[in-house]
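Here's a quick briefing to read alongside the model. Have the sequence and the 3D view open as you go.

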Amino acid sequence: MAIRFPSPEWTRAFADAVNANANYAQHGKDWTHGKVAYVITADERLGLASDMAMVLDLHGGRCRGAEYVPGPEAETKADFVIVADYPRWREVLSGAVDPTKAMMQNKLRLKKGHLPTIVKFVLASKSLVSSATAIDTDYPAL
Amino acid sequence: MSGFCIELADERAAENGLCTMLSTLMRQNLEDHPERLAAFGALQGRLAIFAEDAEVSITITCDGRSAVFADGIVGIPDLTIRGGFEQIGDLSRMESLGRLPDPRGPVNQAMFRALRSGQLRVHGLPRALPLLLAFGDVMAVH
């Protein structure tokens, strides 16, 4: 059964998908730079009254844990915070749009974090995002 | 030189993801590597970058003390780099041997292939070679 995005269940499934992704294990093996948060901005059409975030505890090519938390909480918990609205996340996490291209087009925005580190780990970032395509996802229509 | 000034030209530049990415990368690199201020001082001229498949272009105007990032192609560039978003995104990940590209590096090999195939084009050489080398030194993430 498809899992609704965004939700706590989808966040847990994302962590499992990351850990099942051999490409991420390879390209992310040297990642020791902290947690990464994907923030989905508030959208009444989705029932999101405020920003929500998935915080991934990434280390050494593994996801050690994942939480679905309010956006402001993610900004204190995570070392890297990437923000976008729901339609943009749907494009990126479904594999329709490359994350680097989305950042160049200002569809994804790095709100917090050290950009040179993100650039250095660009293959890990792409693998991380592509993990989501393995999840049977229910992306609500707007 | 003792400092540097990196700024976005206007509101349009602030909405251009490539402008915000590259200006942030430049600022954080110089904060992390003050020894690169010498290369920043050698950045003198107008550099245009066009990520064609992302339909995003920027112009960086440098005078050795400051770098101003603008949306679109502004004026007549001394150096123009045109290519796909992958190649543009990889410019900062090119491997170097001193100030020259390391031909053994996998990113460099992909760049050379892109240059040969015409996916990546650099206009303004050899006159703007010092500008290109200084830009590479300032932006590198290794």
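Buried here means under 20% relative accessible area, exposed means over 50%, and partly exposed is in between (1.4 Å probe, protein chains only). By that cut-off, A:Asp57 counts as buried at 19% relative accessibility. Keep in mind that this is a predicted model, where local features need pLDDT of at least 70 and side-chain atom pairs count only at pLDDT 80 or more, while totals for chains, interfaces and linings use all residues. Residues are numbered from 1 along each chain as its sequence is written, chains are lettered from A in the order in which they are written, and side-chain values use heavy atoms, with hydrogens and water left out.

**Nonpolar cores**

- A nonpolar core is a set of buried Ala, Val, Leu, Ile, Met, Phe, Trp, Tyr and Cys residues joined through side-chain atoms within 4.5 Å.
- The largest one has 78 residues, and A:Tyr38 and B:Met26 have the most contacts inside it.
- Helix α2 of chain B (residues 17–32) gives this core its largest share, seven residues; helices are DSSP runs of H or I, at least four residues, numbered from the N terminus.
- Contact means heavy atoms within 4.5 Å; setting aside neighbours within four places in sequence, A:Tyr38 has contacts that include A:Phe14, A:Met52, A:Ile82, A:Trp89 and A:Leu128.
- There's also a second, separate core of nine residues, with A:Val39, A:Val69, A:Val81 and A:Val83 among them.

**Where the chains meet**

- The contact draws 23 residues from chain B and 16 residues from chain A.
- Chain B and chain A bury about 1600 Å² between them, with carbon and sulfur atoms giving 66% of that; buried area is the accessible area (1.4 Å probe) that two parts lose on being put together, summed over both.
- On the chain B side, B:Met21, B:Phe85 and B:Arg93 lose the most area to chain A, together 33% of what that side buries.
- The rule finds one salt bridge across this interface, a salt bridge being a side-chain nitrogen of Lys or Arg within 4 Å of a carboxyl oxygen of Asp or Glu.
- A:Lys126 and B:Glu86 meet through their side chains in a salt bridge, at 3.5 Å from N to O.
- α2 and α4 (85–90) of chain B are the elements that give two or more residues to the side touching chain A, and α2(B) has the largest share of that side, nine residues.

**Salt bridges in chain A**

- Searching the whole structure turns up 16 salt bridges over all chains.
- A:Glu9 and A:Arg12 pair up at 4.0 Å, N to O; they sit three residues apart in helix α1 (residues 8–19) of chain A, so about one helical turn separates them.
- Both ends of that pair are partly exposed: A:Glu9 at 42% relative accessibility and A:Arg12 with a relative accessible area of 48%.
- A:Arg64 bridges to A:Asp57, with the closest N and O atoms 3.3 Å apart; A:Arg64 is exposed at 55%, whereas A:Asp57 is the buried partner at 19%.
- A:Glu91 and A:Arg88 form another salt bridge, their closest N and O atoms being 3.9 Å apart, and they are three residues apart in helix α4 (residues 86–93) of chain A, about one helical turn.
- A:Glu91 is partly exposed at 25%, and A:Arg88 is partly exposed at 29%.
- A:Glu67, A:Glu73 and A:Lys77 are joined into one network by salt bridges that share partners.
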